[in-house]
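We will go from stop to stop, and at each one you select residues and look.

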Amino acid sequence: MLTARATLDPAFVVGELDRRLFGSFVEHMGRCVYTGVYEPGHPDATPEGFRRDVLELTREMGVSVVRYPGGNFVSGYRWEDGVGPVEERPARLDLAWRSIETNAFGLGEFIGWTRAAGVEPMLAVNLGTRGVQAAADLVEYANHPGGTLLSDRRRKNGADQPYDVRLWCLGNELDGPWQVGRKTAYEYGRLAAETAKAMRLVDPRVELVACGSSSRSMPSFGEWERVVLEQAYEYVDYVSLHAYYEEHDGDLASFLASAADMDAFIEEVVATCDHVKAVKRSDKRLRLSFDEWNVWNQRHFAGASSLPWQEAPRLIEDEYSVADAVVVGSFLVTLLRHADRVGVACQAQLANVIAPIRTEPGGPAWRQPTFWPFAQAARLARGEVLRVEPDAPVCDTKRHGEVPVVLAVATRDGATGAVSVFAVNRSVTDPVRLDLDVRALPALRLAEHSVLANGDVRAVNTAADPDRVRPRPGTGAELGARSLSVTLPPVSWNVLHLLPLA
Ligand code: AHR
């Protein structure tokens, strides 16, 4: 058996955990909205048309913030289409996904849904086909108390009190050739700065996210961030990162090591932000909004251009496996390990579209394997994030070079003394014995130990067999005054939750 050693020490603080790290994303794409979160005809829908099963799973998953309405969709969206009496709302062509958008679900419905789900809304404005005025108008409609054309329109539409939306994305992936209304970095940087100025004039409390690159592999990555931030640095609070990973050519070892790329991506964006900070002699330290991340088997998606126009088609409804869940776990560990700079993160998307929650129209909802690491981390990660650096053997991978076989992080809740450890074993073949030195911690007892693994790493959950993959109680952990030892099966996500003895 392989062995790894690490130290758990309350002094090794990365930073305070921001609950916004446990965000998700609802885009008008495929069946994320229609028959995903919203299905008025469903036998278990609320009077507003929200699926109760999806609301319950969203709460169980511990989602803190939800980004909306896109994604690529937002770059052609007119927000006004989605407010006011439903029977007067226009159907439109959604150019991003070649779908027909009925606009039956819009801003008011989304805000109602976030309240029912107990999550914070994060809105994106259209900086593809629209600009400063439409964005400022949307902030006025959403956040201004009343006495103006747009705030009174909101009140007439049934929302007397402002929505008070704090988090806003200044467009989406505007570096991407696929984006409707793509911009150069300079064009976008200027537009983002001017839009941010106007939005803040309407409501000074807004927190704004500038678009970074749509992936680390974009040819303009790095330079895009530098040029955009040279224009917009003083006007924004966050810069965004997006990343999707998949297994290539059956190379499971490289896929399991994907978090190495996410880690490097975060560090490079931090470096670019800090470079611009230095050049500008700014006192402000920008934070990162990793507002799209997930496993996405893009090789299965030929793109939308050849699809017929239709309402809510089945798009990229990836079925996730144990291996995918372990990789999702490694992304959560990586985000937590950067809690000092990553202030927002949104797993994309929430329902049906590359999602942890799947639904059938008129039928059941169920949890994909990827639901579990998210739900466990959101439930048990509390307080301060602690750095854990395992001294571990390495896996040699084709795409990411050598990576430590164990990736881990811990949190410690100063109020309760609870400590949680999250660890991934990325070995395809070998279990690893992980010995944690706990001498710096007060006496603890092991309150929870669970493992998500399976002899078949390709095992999935389906509507007919929704609980095949789920965390099971772990066995064999040994906790003493000096150490905590546990065996991590190959390709596994492991959670240990410790409470003070007294
Ligand atoms: O989440 C699916 C799509 O991926 C989003 O619309 C877009 O922003 C990204 O390219």
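Ala, Val, Leu, Ile, Met, Phe, Trp, Tyr, Cys and Pro count here as nonpolar, Asp, Glu, Lys and Arg as charged, and the others, Gly among them, as polar. The model is predicted: local features need pLDDT of at least 70, side-chain atom pairs count only at pLDDT 80 or more, and totals for chains, interfaces and linings use all residues. Residues are numbered from 1 along each chain as its sequence is written, and side-chain values use heavy atoms, with hydrogens and water left out.

**Stop 1: the largest pocket**

A pocket is found on a 1 Å grid over the protein atoms alone: an open set of points with protein on both sides within 12 Å along at least five of seven lines. Lining residues have an atom within 4 Å of a point. The largest pocket holds about 820 Å³ of space. Select Ser 214, Ser 215, Tyr 244, Trp 296 and Gln 298; of the 37 lining residues, these are the closest to its centre. By class, the lining has 15 nonpolar, 14 polar and eight charged residues.

Now show strand S10 (238–245). S10 gives the most to this lining, with three residues.

**Stop 2: the ligand**

Which pocket does the ligand take up? The ligand's space is the largest pocket. Select the residues around the ligand, among them Phe 25, Trp 97, Tyr 244 and Trp 296; each has a heavy atom within 4 Å of the ligand. This shell has five nonpolar, four polar and three charged residues.

A polar side-chain atom of Glu 292 is 2.7 Å from a ligand oxygen. For Asn 72, a backbone N or O atom lies 2.9 Å from an oxygen of the ligand. A side-chain N or O atom of Asn 172 is 3.0 Å from a ligand oxygen. The protein covers 95% of the 280 Å² of accessible area that the ligand has on its own (Shrake-Rupley method, 1.4 Å probe).

**Stop 3: the cavities**

A cavity is a set of grid points where a 1.4 Å probe fits but cannot get out. How many cavities of 30 Å³ or more does the structure hold? It holds two. The largest cavity has about 140 Å³ of space. Select Tyr 77, Trp 79, Ala 124, Val 125 and Leu 138, the closest to its centre of the 16 lining residues. Twelve lining residues are nonpolar, three polar and one charged.

Last, select Met 61, Asn 294, Val 328, Gln 347, Pro 356, Thr 370 and Phe 374, which line the second largest cavity. About 30 Å³ of space lies there.

Notes
A polar contact is a pair of N or O atoms within 3.5 Å; within protein, one must be able to donate a hydrogen and the other to accept it, and residues adjacent in sequence count only if both atoms are side-chain atoms. A molecule sits in a cavity or pocket if more than half of its atoms lie within 2 Å of its grid points. Grid points are joined across faces, edges and corners, and a volume is the space filled by probe spheres set on the points. Helices (H or I, at least four residues) and strands (E, at least two) are DSSP runs, numbered from the N terminus.
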